[in-house]
Amino acid sequence: MSSTSISRTAARAIKSARRPVPLVATCKFARPQSQRCIHSIPLLRPTIRTSRLQATPLSRRTIFIQTEDTPNADALKFKPNSRVLPEDFSSTFLEYTSPRSTLQPPNPSPLAANLLNVDGVSSVFFGPDFITVTKDSATPWAHVKPEVFSLITEAVTSGQPLVNTVALKAGEESGQEGNEVDSLAYDENDSEVVSMIKELLETRIRPSIQEDGGDIEFRGFHDGQVLLKLRGACRTCDSSTVTLKNGIEAMLSHYIEEVQGVQQIFDQEEEIAMLEFQRFEERLRNSGRAPPPSTTGKGTLDTVE
């Protein structure tokens, strides 16, 4: 081979080596694997296209409503797995004793109105996390309980508040019982004895009363006597006297020597009802028939060790 041909071959090789080699990038995301997109300089980053995820509906929260018996044969306690009274409510209970009270301010309740429209239901009691429904003694629970359970379930699953708040007008009275400030709340003006009574009622007595579907109000302390009012299932329970004497009175007098006794306070309507019941019992005795047996309480306050 001649020197001329060698020099020409070398020159072509050198010229070819100086030619820039294009950079190649493949995009496998925008197109299928078999179709590659070639980009020349500048090198572009592949763009990832994400498909919009379909929003799946949230699963509905499961509602559990537990039914419990109370010492009062005419009262049942219903416990949904959610609060009944608002978190910032001033008291621990609300009590509706008439259809009119469910519509009046400051705390009307559509649920209480529907429950009191059920045949046989006489009162509705809202605790912090439970509802106590009381019926008359002439109506069996078999006729009342299914409809009451259905109304409570519907109200809880709706997500709407069970108790509304409406401002009272000037001179207007409250339509419900229990929406005042908690009677067991701390008051700096209370004497030492009253403070001790309230503390015992709050920590030792109230939890047991609420367990039985009711609540308790402190109405005062005079001449060694503690004045109390029972609410909810305990308000119309035949064993309320046993609870007061063998339970509350024994405990308070054991820890506080100034306490000599406990008295239950009744409203005017309750006093009339008790008087009528006493007359009914008297008529039964005169006719030779035994009066109906009283309900025996199951709570821990019936006896004190």
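Helices (H or I, at least four residues) and strands (E, at least two) are DSSP runs, numbered from the N terminus. This is a predicted model, in which local features need pLDDT of at least 70 and side-chain atom pairs count only at pLDDT 80 or more, while totals for chains, interfaces and linings use all residues. Residues are numbered from 1 along each chain as its sequence is written, and side-chain values use heavy atoms, with hydrogens and water left out.

**Helix α4**

- The 20 residues of α4 (residues 192-211) should span 28 Å at 1.5 Å a residue, the expected span being 1.5 Å times one less than the number of residues, and the end C-alpha atoms are 28 Å apart, which agrees.
- Among the buried residues of α4 are Val-193, Ile-197, Leu-201, Ile-205 and Ile-209, where buried means under 20% relative accessible area with a 1.4 Å probe and protein chains only.
- The buried residues of α4 pack against β4 (75-80), β8 (214-222), β9 (225-232) and α5 (240-255), contact meaning heavy atoms within 4.5 Å.
- Gly-213, which follows α4, has a positive phi, near 85°.

**Cysteines**

- The structure holds 0 disulfides, a disulfide being a pair of cysteine sulfur atoms within 2.5 Å.
- The sulfur of Cys-234 has its closest cysteine sulfur in Cys-237, 6.4 Å away, which is too far for a bond.
- Cys-234 is buried, with a relative accessible area of 10%, and Cys-237 also counts as buried, at 8% relative accessibility.

Notes: Buried < 20%, exposed > 50% of the residue type's maximum accessible area, 1.4 Å probe, protein only.
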